[in-house]
Amino acid sequence: MIQNNLKLIAALAILIYSTNTMAQSTSVVVIDSTSKKESRLKFACGFGLNFVGATNISLSPNLIYRASDKINLGFGLQGSYAAVKDLQKTTTFGFNAISIYTPTKKFSMLLELVQLNVTTKIETPIEDKNSYWDTALFVGAGINITNKFTIGAKYNLLYNEDESVYTSPVVPFVNIIF
């Protein structure tokens, strides 16, 4: 009987030892999607509407690089259409370089350099078409509605009423970062 009990204890010891040392185990790792690091390179799109003295619609797709939590740098293309009814129509195409400083979550400031090729068609009895380059340097500020959506206004420091493609030195803007 003692011998049977020893055999039973030995069998149980071998079973327990083999389960602990030779058992296969699988680990499951769950990655929280909110813990993934966001890319520093983002696509953004700015657009503007201005109806002071004329109709002015602009679109500016950009690539934005997040240099830090507060500073973003980018460049992109810019195009616009402006019209003064029965007087002239203007189309532009060019590029821009932009820097955005976000001192707080709710406020952003920007500095933007824009170089545009301007084509103006004057609608008078004698049609006239003119093409030239225009440079604008904007400083602006906006309210961050979310971390991807900003509404604000920018001021053209190089504005010249007689030469600028812009109808006003102040241009409202909306920026969306994807």
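Predicted model: local features only at pLDDT ≥ 70, side-chain atom pairs only at ≥ 80, totals over all residues.
**Pockets, cavities and strands**

About 290 Å³ of space lies in the second largest pocket. β3 has the largest share, three residues. By class, the lining of the second largest pocket holds nine nonpolar, six polar and three charged residues.

Now step back to the whole chain. It has 178 residues, and 29% of them are buried. One helix and eight strands make up its elements. Read from the N terminus, their order is α-β-β-β-β-β-β-β-β. Take the contacts with a separation of 6 or more: 44% of them join residues 24 or more positions apart. The accessible surface of the chain comes to about 12300 Å². Carbon and sulfur atoms hold 65% of that surface.

Strand β6 covers residues 128–146 and pairs with β7 in the antiparallel sense over eight bridges. The two form a hairpin, with two residues between them. Within this pairing, Gly142 stands opposite Gly152 in β7. β7 also pairs with strand β8 (residues 170–177), again in the antiparallel sense, over seven bridges. Here Tyr155 stands opposite Val170 in β8.

The structure holds two cavities of 30 Å³ or more. The largest cavity has about 190 Å³ of space. It is lined by 20 residues, and the closest to its centre are Ser58, Ser60, Glu112, Lys154 and Phe173. β1 (41–50), β2, β4, β5 and β8 each supply at least two lining residues. β1 gives the most, with five. The lining of the largest cavity has eight nonpolar, ten polar and two charged residues.

The second largest cavity has a volume of about 40 Å³. Its lining consists of Ala44, Cys45, Gly46, Asn62, Ile64, Ile98, Ile100, Asn175 and Ile177. β1, β2, β4 and β8 each give two or more of these residues. The largest share, three residues, comes from β1. Six of the lining residues are nonpolar, three are polar and none is charged.

Finally, turn to the largest pocket, with a volume of about 760 Å³. Its lining has 30 residues, and the closest to the centre are Asp69, Asn72, Thr102, Asn147 and Ile177. Ile177 lines the second largest cavity too. The elements that give two or more residues to the lining of the largest pocket are β2 (55–66), β4 (88–104), β5 (107–122), β6, β7 and β8. By class, this lining has ten nonpolar, twelve polar and eight charged residues.

Definitions and conventions: Residues numbered from 1 in each chain as written. Heavy atoms only, no water. Pairing = 2+ DSSP bridges. Helix = DSSP H or I, 4+ residues; strand = E, 2+ residues; numbered from the N terminus. 1 Å grid on protein atoms, 1.4 Å probe; cavity = no way out; pocket = protein on both sides within 12 Å on 5 of 7 lines; lining within 4 Å. Points joined across faces, edges and corners; volume = space filled by probe spheres on them. Nonpolar A, V, L, I, M, F, W, Y, C, P; charged D, E, K, R; others polar. Buried < 20%, exposed > 50% of the residue type's maximum accessible area, 1.4 Å probe, protein only. Contact = heavy atoms within 4.5 Å. Areas by Shrake-Rupley, 256 points an atom, 1.4 Å probe, with all protein chains shown as cover.
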